[in-house]
Amino acid sequence: MAEAAVHHDVAGVYEPSLFGTYSKKIGMWLFLASDSVTFGALLFAYSYGRISNPSWPTPFGKESIINATIMTACLLSSSLTMVLGVLAAHRGDMAKVRNWLLATMFFGAAFIVLHAIEWSKLIHEGMTPFTNPWAPSVPQFGGTFFTLTGMHMLHVTIGVIYLGVVALRKKFLPVLVVLWLIGWLATPANNVFHLGVHVLLIGAVVSAMVMFLKPKIYDSHDIEVAGLYWHFVDLVWMFIFPLVYLMSTRI
Amino acid sequence: MHNIAAIHDESKAQYYWVWGALLILTGIEVVLAYEQFFTPVHMLEVLMVLSLVKAALIIAYFMHLKFEIPLMRFMLMAAIVACLCIMCIFFADAVRVVKLGLP
Amino acid sequence: MASTEIIHAHAAPQGFIRKYIFSLDHKVIGLQYYFLALIAVFVGMGLSLLMRIHLIWPNANLPIFGAIKPETYLMFLTMHGTIMVFFVLTTAPQGGFGNYFLPIQIGAPDMAFPTLNMLSFWTTFVAFVVLVAAFFVGAPLHGWTGYAPLSAVPSAGPGEGLGADLWITSIAIFCAASLMGALNFITTVLDMRAKGMTMMRMPLTCWAWFITAILGLLAFGVLLAAGILLLMDRNLGTSFFVPGGLNFTGQTSFPTGGFSSSTDLIKHNGGSPLLWQHLFWFFGHPEVYIAILPGMGVASQLLSTFSRKPIFGYRAMVYAMLGIGILGFVVWGHHMFMSGMSPYTAFAFSIMTMAIGVPSAIKTFNWLGTLYQGRVRFHTPMLFAIGFVSLFVSGGLSGPFLAQPVLDIPLHDTYFVVGHFHLIMGVAAIFGIFAATYYWFPKMFGRMMSEGLGRWHFFLTLLGTYAIFMPMHYLGLAGQTRRYSEFTQVAYQTKLIPLQTFITYAAIVTISAQFIFLFNLFWSMAKGKKATDNPWEATTLEWTTATPPPHDNFGGRTPVVSHGPYEYSVPGAARDFVMQNDPATTPAH
C-alpha cells in the first residue's frame, strides 16, 4: 500500500474522514471487500457445480479431516498471534511486535506445508483438476478443490511474505531466497510445488522492489493493516473448510 | 481529528477468549460433520450458521470492526453481504440444470 | 479568497521519466489514461468501420485487409467490443477525467495512494498491450461477452487458441487495475475532502465517480474470479463452464443413441455455460453503469453551469445515482432471458430492470428542470451535455422493452439490442467524454478549444449517431439477426440491404467527423486561444486554481469550502455565480 498523501494530523485542513480512520486502513478494507467478492464468486461457482452434479464424491476420511482441522487450528492461532502483535504495536513495543509477527508467520508457514502435503497425497491418489478416482463423471470435484484451496494458499503465501517484509524488512529477503531454494530442492521434480514454490522467488523480487524503491520504517498502522489482510485470509478459510472438506467427509 | 492511536477497550484476555471460542466452534463443526448428525442439506445449514458466527467473531474482534465508527461498520458489511446474497440467484439455475437432466 | 493553510511541501519531481512516464501526479496519470483511451477509441472505431463495410460489401477487396472472411468479421466484433467497453468507456471517464479532476474538485493535493494510482495506469496499459497482441495471433471469435463453451475450449474455432488466452489474460489484468483504481477513488472521497467539502457539497461529478468506483470495486472482483475459472478451463482441463458431449470437429457425428465416448467429443463433462453467463453479467451489468454514470455526473455539472441555474434537485440526483448503482447489481439476469431461465427468476429480474427506469427518469426530469427558464449559454460542452441527455432518453426508452422477457426473446438476437446499447452505453457515454473534454480542456491545457470546429463536430456526430443507431431498432423489429457476418446471403434479410447501406454511409460520415475533433484537440493544444482560470464562470474548486494546476493542485494551500457546488444566480450575490470557496455570507434576508 502506498503512502497516504494527506497527513491527517494537521487538524482542521480536511473534513474528518467519513469512516473515521486513516486512509491506509480504509484502502485495505476496500481491497478486502473486493477480494471477498472474488472468493465469494469462486465459492458460488463451486456450489453451483456441486448442485448441478448430484453424484458429488465425498472422499475425505479421518486422516484428511484431522489434517484439515490442524490446519484450521494453525490459522486461528496465527490470527491470535497477529492480533497480539497489533496490540503490542499500539503500545509501542516493537521488539514484541516482531516476535508476534514471526509466530504468525510460523503458523502460516505450517498451514502451507500441511496443505502442500495434503495436496501431494490427493494428487498421488489420482486427483487432478480434470478427474478424480472417486467419481470420474464429476470432474468438477478436483477442479473446484484445487482452484479454491489454491487461491487460498496463494493468499496465505502472499500474507506470509507481507508479514515478513513488515517484521524483518530487508533482512527478510535472504530468508525468503533460502526458503525458496529449500522448497525447490526438497520437492521432487514431478511435484506441483516444485513449480509452485517459485511464487516465493517472485515474492522476493517484488518485495525487494518495494523495499528499495520506497524504503520506510513500518509503524503501528502498517502492522494493523497487515493484520487486516491476515485475518481476512483466516476468515476465508472459515468458509472453505466446511464447504470443501466437511461437506465431503466419507460416509 | 482521527484518534489514530486509539487504544480500544481491548485486552489480551478478550483475544484469548475469542480464540478459544473459534477453536471450540471449529471442533463442533468437525464433530458434527464427521459423525454425520444431520442429512446433508441440514448439515450445510448448520455448518454455514456456525461459520458465519466464526466469521463475525473474526471480523468484530480480530479485525477490530467492532471498534470502528457505525457508518464504516454498516457500509462495509452491507455492501459485502448484499453482494454475496444476491449471488444466491445462481442456484435457481443450478437446480434447473439438475431437473432438466442436461449432461 | 478564503483562509487557507500550508500543509505540506509536495516537491514536484524532476526528470522526464518521473515527471511524465512513471509520474505519481494524478493529473499526469489522468492524461495518460485519457490518451490511452484516445488511441483505443480510434482502434475500436476503425474496427467498426471495417465491420460496416464488410456487412454491405462482403466480398469487397480492402486495401490492407483484403476480402474479410467471416471469422475475421467475428474477430473484429470481439476486439471492437472489448476495446470499447474496457479501454474506452471504463478508462476515459473514470481513469482519465476522474483521476484528473476528482482530487481537485474535492480540494485534495492528490489521490489517497499516488503509487497505487500509477500502478493502476501501467497495469491497464499492460492489459491493453496484451489485448492488442491477440490481434497478431488471431483474435477470438466469442464477442466481448466471451460466452462459454466457445471461449472455454481452445479447439472451438480459429482464434480460440492463443488469441483467446491473451484476451482473457488481458481482461484479468484489467480487473486488477480497475480494482486498484476503484479503491483509490473511494478512499480519496472518504478521506481527503477539504474543510467544508461535506459529502452533500460535492459536485455531482465527484458523486458519480465515487459511485462508479464502488460499482467497480464490487463488480470487477467477480469478473476476476470468472476469468481465473475460464483460464483453468482452457489450460488445465477443468470443466466449470463446459458441458459434456460437445463436438468441435465440424463433423456431424453427433451420436444418435445418447452420448458415446467418441473421440470427437471433447473431454469435458458436467460444467454449465450458464455459470459463465451469471458470473460475467454479474460484472457486466454494473459495468454498463460504470460507463454511463460519469457521463451523468458531467451532464449534471454542465447543464447547471451553462444554464446559470442551480442543479434541479441536487439530493434527488445523488439518491438517483445511488439507486441506479444498487439496482444495477440485481438486474444482470435480463441479459440471459434468451439463455433459458426459470420464469420466476426472469420475472424478478424483469421487475428490477424496469425499476431502474424510476431513478433514470428522476435524473432526466431534473436535467430538464435545470434547463427550464435557464439563461442557457450554448458553448460546445453544453451542446454535448444536451446531446447526452437526448441520447440517454432515446437509448433508455428501448430499455423497458428489452426488460420484459416476452419482448426480449424475439428482440434479443437482433439489431434492436445493438441499437439500444450503442445509443445508451456507447454513444451517450462517449458524449459524456466529449462534453468533459470540451469543458475541462482549458483547465488541462491552458487554452480554449475552437468553438466553430466543436459545433461542426457536435452536429455531425449527433445527427450521424442517430442516423446509425435509430434505423437499427427498425432492422431489429424486422427480424435482422445480429452477429451475422454475411446477412446478404440470408434470403429474407436481403430487403433490408438498403437500410444497412444507409447506416454504413452514416457511419463513414460520423467517423470522419471524429477527425475534426482530433484536429481540434491537438491544434488547440498548440494554437488555441489562451484560457483564463475560470473561462466558463463555473463554481467548483478546479476553477479556483491556476491553469494548468500546479503540482499539488492549490500551490501548497488547501481551500476552505463554504458553498454548495451549484450556486448560480444567487439573489444578492455580486456575480451570477458563487465559487465554492468564496467566504461564507450570512443570508441576505
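The model is predicted: local features need pLDDT of at least 70, side-chain atom pairs count only at pLDDT 80 or more, and totals for chains, interfaces and linings use all residues. Residues are numbered from 1 along each chain as its sequence is written, and chains are lettered from A and ligands numbered from 1 in the order in which they are written.

**Exercise 1. State how confident the model is in chain B.**
Start with the scale: pLDDT is the predictor's confidence in each residue, from 0 to 100. The mean for chain B is 85, with 87% of its residues at 70 or more. Where pLDDT is low, the predicted coordinates should not be read in detail.

**Exercise 2. List the elements of chain B in order.**
Helices are DSSP runs of H or I, at least four residues; strands are runs of E, at least two. Chain B has four helices and zero strands. From the N terminus, the order is α-α-α-α.

**Exercise 3. Describe the side of chain B that touches chain A.**
Residues are in contact if their C-beta atoms, placed from the backbone, lie within 7 Å. Each chain, A and B, gives 43 residues. On chain B, α1 (12-35), α2 (40-62), α3 (70-86) and α4 (90-100) each give two or more. The largest share, 10 residues, comes from α1(B).

**Exercise 4. Compare the helix span of α1(A) with the expected value.**
The expected span is 1.5 Å times one less than the number of residues. Helix α1 (residues 23-52) of chain A has 30 residues. Its span from first C-alpha to last is 43 Å, close to the expected 44 Å.

How values were computed:
Contact = placed C-beta atoms within 7 Å.
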